[in-house]
Amino acid sequence: MKLVKLFISFIGPFLYYYGDEVSAAGILESIQSDVHKILARSGRENPVNVTYKPAFLANLSHTLSNLQSNQIVKFDTVITNIGEHYSPATGKFTAPQDGIYAFSWTCLTPAGSRFETQLLVNDRYISANRANAQNINQYVQGTKNVVVQMKKGDEAAVRVLSFAGLILHGNGLFSAFSGFMI
């Protein structure tokens with residue numbers, strides 16, 4: 001009997017009772033709460049909250065044409081912006097904390113045109129995307145996915161590569177930029 005009382009007193013803080021049954025969700029909630037308390041006591045400024053990670057999705061509402069070389073593409077119709085770290089006014093995502101981030105962007109160009117872009121983090125070239133329909137009689141769409149390590153305050157944006165920003169089709173559905181913290 002003493003062994004049972006000792007065991008219960010040891011695991012008691014982790015148990016969440018639902019009637020006469022132990023709830024797995026309650027145990028997980030209790031453990032998460034304890035981890036956050038420990039991190040807060042350790043002086044860690046802003047522990048990653050398991051219910052909140054920055055994420056965004058922005059579509060292009062209108063068609064763009066003849067953009068200049070190195071011009072940032074401003075995806076202006078924000079669908080999701082958890083944490084408000086993406087700015088449709090600048091076209092940039094600002095990392096709220098150090099971490100690994102995943103980005104994806106899709107460009108649709110009409111027949112006879114092309115649209116080439118690159119993803120930059122703090123003006124550092126990461127990767128490129130090409131949608132080229134110059135010799136094709138239909139729309140062409142290009143999508144790129146990347147994973148990058150960022151520091152708090154780093155900025156990520158999609159910008160026109162060279163002079164290849166002829167026409168980017170947008171009606172709120174076909175051209176988009178998204179990202180989230182992993």
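**Exercise 1. Find out how well strand 3 is covered and which strands it pairs with.**

Step 1. Strand 3 spans residues 55–59, and four of its five residues are buried, so the strand is mostly covered. Buried means under 20% relative accessible area, exposed means over 50%, and partly exposed lies in between (1.4 Å probe, protein chains only). Helices (H or I, at least four residues) and strands (E, at least two) are DSSP runs, numbered from the N terminus.

Before going on, please keep in mind that this is a predicted model: local features need pLDDT of at least 70, side-chain atom pairs count only at pLDDT 80 or more, and totals for chains, interfaces and linings use all residues. Residues are numbered from 1 along each chain as its sequence is written, and side-chain values use heavy atoms, with hydrogens and water left out.

Step 2. Look for partners. Two strands pair if DSSP finds at least two bridges between them. Strand 3 pairs with strand 5 (residues 77–82) in the antiparallel sense, over five bridges. Strand 3 also runs antiparallel to strand 14 (residues 176–181), and five bridges join them.

Step 3. Zoom in on A58. In strand 5 its bridge partner is V78, and in strand 14 the bridge partner of A58 is F177.

**Exercise 2. Describe the aromatic pair of Y86 and F177.**

Step 1. Start with the rule. Rings of Phe, Tyr and Trp (its six-membered ring) pair if their centres lie within 6.5 Å; planes under 30 degrees apart count as stacked, over 60 as edge-to-face and the rest as tilted. By this rule there are 10 aromatic pairs.

Step 2. Apply the rule. The ring centres of Y86 and F177 are 6.0 Å apart, with 80° between the planes, and the pair is edge-to-face.

Step 3. Y86 lies in strand 6 (residues 86–87) and F177 in strand 14, so the pair ties together parts that are 91 residues apart in sequence.

Step 4. Check the cover. Y86 counts as buried because its relative accessibility is 3%. F177 is buried too, with a relative accessible area of 1%.

**Exercise 3. Classify the ring pair of F93 and F103, then find the cluster that contains both.**

Step 1. The ring centres of F93 and F103 are 5.6 Å apart and their planes stand at 70°, so this pair is edge-to-face.

Step 2. The pair links distant parts of the chain: F93 is in strand 7 (residues 92–94) and F103 in strand 8 (residues 99–109), 10 residues apart.

Step 3. F93 is buried at a relative accessible area of 1%, and F103 is buried at 2%.

Step 4. Ring pairs link F56, F75, Y86, F93, Y101, F103 and F177 into a cluster.

**Exercise 4. Is F180 buried or partly exposed, and which surface patch does F180 belong to?**

Step 1. F180 lies in strand 14. With a relative accessible area of 43%, F180 is partly exposed.

Step 2. Recall how patches are made: from residues with over 30% relative accessible area and no salt bridge, joining like charges within 9 Å and nonpolar side chains (Val, Leu, Ile, Met, Phe, Trp, Tyr) within 5 Å. A salt bridge is a side-chain nitrogen of Lys or Arg within 4 Å of a carboxyl oxygen of Asp or Glu.

Step 3. F180 forms a nonpolar surface patch with I100, V147 and I182, and together they have about 370 Å² of accessible area. Accessible areas come from the Shrake-Rupley method with a 1.4 Å probe; for residues, only the protein chains shown count as cover.

**Exercise 5. Locate three loop residues, T90, N70 and D123, and describe each.**

Step 1. T90 is in the loop between strand 6 and strand 7, and at 36% relative accessibility T90 is partly exposed. Leaving out residues up to four places away in sequence, T90 touches I72 and K74, where contact means heavy atoms within 4.5 Å. The C-alpha atoms of T90 and D76 are 9.1 Å apart, although 14 residues separate them along the chain.

Step 2. N70 sits in the loop between strand 4 (64–65) and strand 5. Its phi is near 70°, a positive value in a residue other than glycine. N70 is partly exposed, at 41% relative accessibility.

Step 3. D123 is in the loop between strand 9 (114–121) and strand 10 (124–132). D123 is not a glycine, yet it has a positive phi of about 65°. At 67% relative accessibility, D123 is exposed.
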